[in-house]
Amino acid sequence: MMQSAARKQPRQRLLVAAMAAIAIILPFAAPNAYWLHVVILGLIHTLPVLGLTLFMGYAGQLSVGHEALYAIGAYTSGILLRRGFPFIVAFAGSAILPYFAAKALGLAVLRYVKGIYLAPATLGVSWFLNALLTNLVKLTGGPSGLTGIPRPAWFRHETQYYFLCLAVVLAVYWAMSRLIDSRAGIAFRSIAGNDIAAECLGIDVYRYKVFALALSGLCCGLGGALYASYANYICPADFSREMAVRLLCMCIVGGLGNMNGAWMGALILNIVPELLRASNRLQLVLYGALLISVLMYWPKGLGGLLDLLLQRGRGATTGAADKYGGPAAEEARTA
Amino acid sequence: MSERGATLKLDGVTLDFGGLRAVDNVTTTISGGELVGLIGPNGAGKTSLYNALTGIYPPTAGKVVFDGVDITGMPPHKIAAHGLVRSFQLVSVFPDMTCLENVLAGFHSKTRSGTFDALFRTETFKRERKDCLEAARLILKKVGLERKASVKAGNLSYGERKRLDIGRAVAAAPKMLLLDEPAAGLNPVERRELADLILTLHRDGYTMVVIEHDMKLIMGLVERVLVLDRGRLIADGTPQQVQNDEKVITAYIGRRPGHAGN
């Protein structure tokens, strides 16, 4: 049944091979250390954006406070590493704590709050967390943050750290794509499609929404851990409202509910502002114009554009099925 | 009667919205294997009754027993898992999912594979996927959508969506199907096809309750009709009995002037 790899389109296989080659050569071909830095940030941001993609894109729930989960991951790792815990422990903590924090938030909020009303609810949580980070001075260092967060022993150099980030992103991407192409994935997408109909088919909507948020928290947490060690220094300003909005933009520019869109959005929205830096004071204006034009001309985002590219020359109907790589994609390939 | 059938017992089911009584003390029994029509003027409380039975709005008073289990006040997904599954008046297929995926969603409570199975593609996962895909294809064939398996539901015609909605409900392996105006908005040809589909499902052993406005359609389709008016069950009988029932005529077309004095 599951021979999708063997049945993959040649065009698709070629693209994957090309991307793998680029990913491997990139740190050595980067014009200077600064560009590698930008790409690493893009990779790190991919993780919370994947989290948003799961919660918003697939499960169809709104969150404007995902930077809070990202922050919990970063602070957990930062605090543990500064106290001398091994990296693997800090990393695990950064996965587990945000998972349960997100689960608790979900259990509290997702039973009764729906749709657009999730915006103020998640916003409230992120304010609450920001207040904690600023005021629990002994634990978090307060407004001046935590300094001297080490990197793991084998990943001190930028190039090495790049590959660490790449590995984590690939692992999360792999796990999420398998989960999406399963019973749980169908449940998530059903909830996004019509939650009452999903409930009436026997899907425990509340439970699956909470599950999606918890997994989303896990992704954000891993991103946070990578960020803390990479930057060596974190403070509440790193996880401001602007960060929350940037994550949302990455998710939407990449294409809601599109896993390839997640990394594309995260990378592009890190790279483009740097390219525009030359335009000096026009930087933000151009950046804003770019965001608006993406939303106007490619509402399905960069990921949607990639799908279109891959599907050219194939039947329109199989293309629609393939977008989600679901069992229907299997069906379409055999048909 | 039928292996798929189960008995649904309503005992004084009442549903209030604030001061408005949408469903008023409805008591009846629907047995396994039956094909029952539920009719009534607009606002009579037909959909509200479905909502009360399926747990969307738990009944204010009364009791619902399905297949020997008291399901009063259970959350909708548990009621669905017990085998009482409904379709919707307004088309509610999942637009961004393909027809096949829509039907697969219906298998949710009949399958078990979890996160671990999904990540590592365990035997359970593979077996369930194979079984589900086979069963889903059969269901799509039954509702006449086998050639649209990989078309997104959002790209289907209205009539096709209505049929997909029923197919998805059938996938949930119901012991009883509650259809809410399945023929509304369909053209005469589609209506005929839909009536045939309902009859096929009935022959397959599905117990069904059908809300329908089209009297002609319902009268030719079912063996028993329940009539609701202002939340109350005012008639229960064969189509012929119901058609000649004074109370039903009054509810639908008002009191005849000539009878005003009586």
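In this predicted model, helix 4 of chain A meets helix 6 of chain A through Glu67(A), Ala68(A), Ala71(A), Ile72(A) and Tyr75(A), which lie against Ser126(A), Leu129(A) and Leu133(A) of helix 6 of chain A. Sorted by class, the residues of this contact between helix 4 of chain A and helix 6 of chain A comprise 6 nonpolar, 1 polar and 1 charged.

**Helix 4 and helix 6 of chain A**

- Helix 4 of chain A spans residues 66–82 and helix 6 of chain A spans residues 118–135, and the two pack at an angle of about 30 degrees with their axes 9 Å apart.
- Because angles under 35 degrees count as roughly parallel, helix 4 of chain A is described as roughly parallel to helix 6 of chain A.
- The crossing in which helix 4 of chain A passes helix 6 of chain A is left-handed.

**Helix 3 and helix 12 of chain A**

- Helix 3 of chain A (residues 33–58) and helix 12 of chain A (residues 241–254) have axes that come within 9 Å and cross at roughly 70 degrees, which makes helix 3 of chain A roughly perpendicular to helix 12 of chain A.
- Helix 3 of chain A passes helix 12 of chain A in a crossing that is right-handed.
- From helix 3 of chain A, the residues in contact are His45(A), Pro48(A), Val49(A), Leu52(A), Thr53(A) and Met56(A), and they meet Met243(A), Arg246(A), Leu247(A), Leu248(A), Met250(A) and Cys251(A) of helix 12 of chain A.
- This contact of helix 3 of chain A with helix 12 of chain A divides by class into 9 nonpolar, 2 polar and 1 charged residues.

**Helix 2 and helix 15 of chain A**

- Helix 2 of chain A (residues 10–29) packs against helix 15 of chain A (residues 301–311) at an angle of about 130 degrees, with the axes 8 Å apart, and helix 2 of chain A is therefore oblique to helix 15 of chain A.
- Arg11(A), Gln12(A) and Leu15(A) of helix 2 of chain A meet Leu306(A), Leu309(A) and Leu310(A) of helix 15 of chain A, a contact made up of 4 nonpolar, 1 polar and 1 charged residues.

**Interface of chain B and chain A**

- At this interface, 41 residues of chain B are in contact with 37 residues of chain A.
- The two chains, B and A, bury about 3500 Å² between them, and 65% of that area is on carbon and sulfur atoms.
- Of the area that chain B buries against chain A, 19% is supplied by His77(B), His108(B) and Arg129(B), more than by any other three residues.
- The rule finds 3 salt bridges across the interface of chain B and chain A.
- The side chains of Arg121(B) and Asp181(A) form a salt bridge, with an N to O distance of 3.3 Å.

Technical notes:
Residues are numbered from 1 along each chain as its sequence is written. Chains are lettered from A and ligands numbered from 1 in the order in which they are written. This is a predicted model: local features need pLDDT of at least 70, side-chain atom pairs count only at pLDDT 80 or more; totals for chains, interfaces and linings use all residues. Side-chain values use heavy atoms; hydrogens and water are left out. Axes are lines fitted to C-alpha atoms, for helices over the stretch in contact, and angles run from 0 to 180 degrees between N-to-C directions. Helices (H or I, at least four residues) and strands (E, at least two) are DSSP runs, numbered from the N terminus. Angles under 35 degrees count as roughly parallel, over 145 as roughly antiparallel, 65 to 115 as roughly perpendicular and the rest as oblique. A crossing is left-handed if the near helix is turned anticlockwise from the far one by less than a right angle, and right-handed if clockwise. Contact means heavy atoms within 4.5 Å. Ala, Val, Leu, Ile, Met, Phe, Trp, Tyr, Cys and Pro count as nonpolar, Asp, Glu, Lys and Arg as charged, and the others, Gly among them, as polar. Buried area is the accessible area (1.4 Å probe) that two parts lose on being put together, summed over both. A salt bridge is a side-chain nitrogen of Lys or Arg within 4 Å of a carboxyl oxygen of Asp or Glu.
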